[in-house]
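Work through the exercises below with the sequence and the structure side by side. Try each task before reading its solution.

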Amino acid sequence: MRTLLITGPGGSGRTTVAAATAQRAAAAGARTLVLGADRTDTLGAALGVRTGPAPVSVAPRLTAWRPDAAAGFRDDLAGFQDRAATVLDLLGASRLDPEEVTPLPGAEELTLLRALRDAALAEAHDLLVVDLPPAPQALALLALPEELRRYLRRLLPPERQAARALRPLLGRLAGVPMPAEWLYETTARWDTELAAVEAVLADRGTAVRLVAEPGPAGADAIRDARLGLALRALPVESLVANRVLPEDAADGGRLDRLVAQQRKTLEEWGAAARPVAHLGHDPRGADDLAALAAPPVNPAASPVEWPVADRLARDGVLVWRLPLPGAVRDELDLVRRGDELVVTAGPFRRIVTLPSVLRRCTVDGAALRDDELCVRFAPDPGLWPKTP
């Protein structure tokens, strides 16, 4: 199954493009699920069908789903209270009733990630189209599984979890339950769930479709989004230039400047941009979505590779090549921390685990050339295998 994540700057029409993309794929024969996460039913408004917590059939081979973050949060909290009953009793805490629970900030994002995982694992569709939040929030959302797993590993390393086998024995000896047992079990379950989401995002069939109105603001937003996605090694499947005005819209009036801005940005984006015309009204329903003529899913979208080039014989170094389109030299920063490399590019940061061969090396320098960050590593004599 392919997964197409759709995002762009706020107000760019990304939800409409997600609906049009899903409708076109279904019409071409692909069993398609379009997944949304907005609290209001913007996805249903575009499709012309109300969407909600239960998947709904929109057209032949097209299903829409907008999971309920509030219900998911209540279920999670109820499960947490059941599993932590011993701890809560020891602390004298009173439980929350389901009717008094409202979702906390971030509940929508976690609900969307869980739905993404469940839809991918179900393998009931050929294409999963995901209407993500606006680009800045989407980038933070896509980073969440990897970052949360890293936090869990630092706070409760896997090797320490082996001690949980002793908890029942210690509890009997002490005469009181040992609260840490449920913590280890909860951590292991969270790690498994996050790993499943991370696997979907890292799958070779997952790519991102960017949506923006051509113009200075859209160009800036797309530049940042490309950089943030590259740092996450997520490929861009296509760039949709949305709401493009026709040439004859320039009639000597106020629209002239807007048309000129759009044409200038489209020239800068070049063949990478797929224009979608402005209909003159908000698209609603199947006929309007078909009139948009959203581009089909690009089957040639390829994963982002971070290869290690062996230049030991020539230069005595290994070079880790990280493609970072749009990166600026003065806004780059690298910090080596044990077996990890902290990479900062503009407003984005990622902590990545070094490939095994580079863990036995020291950082020898870095350079940004042609939108690619090349980090040089020199073998550490104390760790590198000796040549007989």
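**Exercise 1.** Decide why strand 10 (residues 317-323) can be called largely enclosed by the rest of the structure.

Solution. Strands (E, at least two residues) and helices (H or I, at least four) are DSSP runs, numbered from the N terminus. Buried means under 20% relative accessible area, exposed over 50%, and partly exposed in between, with a 1.4 Å probe and protein chains only.
Step 1: count. Five of the seven residues of strand 10 are buried, so the strand is largely enclosed by the rest of the structure.
Step 2: look at its neighbours; two strands pair if DSSP finds at least two bridges between them. Strand 9 (residues 308-311) is joined to strand 10 by four bridges and runs antiparallel to it, with Trp-320 as the bridge partner of Val-308. Strand 15 (residues 372-379) is also antiparallel to strand 10, through six bridges, and Arg-376 in strand 15 stands opposite Val-319.

The model is predicted: local features need pLDDT of at least 70, side-chain atom pairs count only at pLDDT 80 or more, and totals for chains, interfaces and linings use all residues. Residues are numbered from 1 along each chain as its sequence is written, and side-chain values use heavy atoms, with hydrogens and water left out.

**Exercise 2.** Find which strands pair with strand 1 (residues 2-7), and in which sense.

Solution. Step 1: strand 5 (residues 127-131) runs parallel to strand 1, with five bridges between them; Leu-4 faces Val-129 there.
Step 1: strand 6 (residues 206-212) is likewise parallel to strand 1 over five bridges, and Ile-6 has Arg-209 as its bridge partner.
Step 2: check the cover. In strand 1, five of the six residues are buried.

**Exercise 3.** Name the residues that touch the most other members of the largest nonpolar core.

Solution. Step 1: a nonpolar core is a set of buried Ala, Val, Leu, Ile, Met, Phe, Trp, Tyr and Cys residues joined through side-chain atoms within 4.5 Å. In soluble globular proteins, nonpolar side chains tend to be buried together.
Step 1: the largest core has 56 residues, and Leu-35, Val-130, Leu-132, Trp-269, Trp-320 and Leu-324 touch the most other members. Helix 9 (residues 216-231) gives the most to this core, with seven residues. Apart from this core lies another, of 23 residues, including Ile-6 and Val-276.
Step 2: take Val-130. Leaving out residues up to four places away in sequence, Val-130 touches Thr-3, Leu-4, Leu-5, Ile-6, Leu-35, Leu-112 and Leu-116, where contact means heavy atoms within 4.5 Å.

**Exercise 4.** Compare the reach of helix 6 (residues 135-155) with its expected span, and find where the helix is kinked.

Solution. Step 1: the expected span is 1.5 Å times one less than the number of residues. Helix 6 has 21 residues and reaches 30 Å from its first C-alpha to its last, close to the expected 30 Å.
Step 1: a kink of about 45° lies at Leu-144, shortly before Pro-145; the bend is the angle between axes fitted to the seven residues ending at a residue and the seven starting there.
Step 2: Pro-145 is one of the buried residues of helix 6, as are Glu-146, Arg-149 and Arg-150.

**Exercise 5.** Is Asp-287 buried or exposed?

Solution. Step 1: locate Asp-287 in helix 11 (residues 285-292).
Step 1: its relative accessible area is 68%, so Asp-287 is exposed.
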